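Hello,

Here is the structure for you to look over. My notes follow below it.

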Amino acid sequence: MTDRSAIAERLQRIPTTLAADLLRDRDMFERSATGFHPMTPGMTAFAGPVRTLAFLPGRPELRARPAPPLHFTEIDTLEPGDVIVFAADGSLHGALFGDMLATRAKARGAAGAIVDGAARDLACMDEVGLPVLARGTAPMAAHGTLIPVSGRCPVRLGDITVLPDDWILADEDGVLVLPRALVDMLIARHEAGAVKERFSRQLLLAGFALAEVFPLPPALDPCLERFAATDAMPKPAVVRQALGAPPPHLAEGQDT
């Protein structure tokens, strides 16, 4: 898959809880950031390639840097579908992200923002429509208390590391940080699982018992492969034969 928007659309359909289950063999404790809260009511899930920004506590030498501040420049150059990550080690000593930054990010086509620190202007940010997760809120802007020092660099997000070429999947349950190879693996596993569940559901509707077809036994893998390729259900006699229990009077000419 190469189209970023198509990948993001398929990825954001997967709840983070299900994604963690599907990738449980892939060190998910090192890829999951928790403790973030939606900053707007009814926040939707979002996904996309990451754009990182690292912040440090302010000091005079850092505050003397020329304008515009680095995070303004980075937001002004966002690519459509990017997810912004503001990494400030969870500091609530002033808000890093508010309605004006959210407005510009939304105009640039950002998919969402994750702030490892404080946000503000929630009432106005709700009107912007950009999904935002943050550690908390603060009424005052950070200004010189937290300084952006580097962009598009490795950062710490809670207890995990985010690399510049990672992808983000986020919803109300948490944040997953995935290299591109795991994004493709997750989508493939999710879509294969969805086909498998749909096949089991159709078998249940055809009269098979739960113990026979859920979870789907390996004996039905050939039937599942044909279903995935053609969307055609096998005849019940074929399924029973695969399960090792053919009906007593299989009709003449029945497909096998």
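At what angle do the axes of helix α7 and helix α9 cross? They cross at roughly 105° and come within 10 Å, with α7 spanning residues 180-205 and α9 residues 221-230. Axes here are lines fitted to C-alpha atoms over the stretch in contact, with angles from 0 to 180 degrees between N-to-C directions. The two helices are therefore roughly perpendicular (65 to 115 degrees).

Some ground rules. This is a predicted model: local features need pLDDT of at least 70, side-chain atom pairs count only at pLDDT 80 or more, and totals for chains, interfaces and linings use all residues. Residues are numbered from 1 along each chain as its sequence is written, and side-chain values use heavy atoms, leaving out hydrogens and water.

Next, the cores. The largest nonpolar core has 24 residues. A nonpolar core is a set of buried (under 20% relative accessible area, 1.4 Å probe, protein chains only) Ala, Val, Leu, Ile, Met, Phe, Trp, Tyr and Cys residues joined through side-chain atoms within 4.5 Å. I84, F86, L96, F97, L130 and V132 have the most contacts inside this core. Strand β4 gives the largest share, five residues. Apart from this core lies another, of 21 residues, including F36 and L157.

V132 touches H37, P38, M39, M43, F97, A113, V115 and M125 (heavy atoms within 4.5 Å), not counting residues up to four places away in sequence.

Last, T17. T17 is partly exposed because its relative accessibility is 43%, between the 20% and 50% limits.

Best wishes

Note on methods: Helix = DSSP H or I, 4+ residues; strand = E, 2+ residues; numbered from the N terminus. Parallel < 35°, antiparallel > 145°, perpendicular 65-115°, else oblique.
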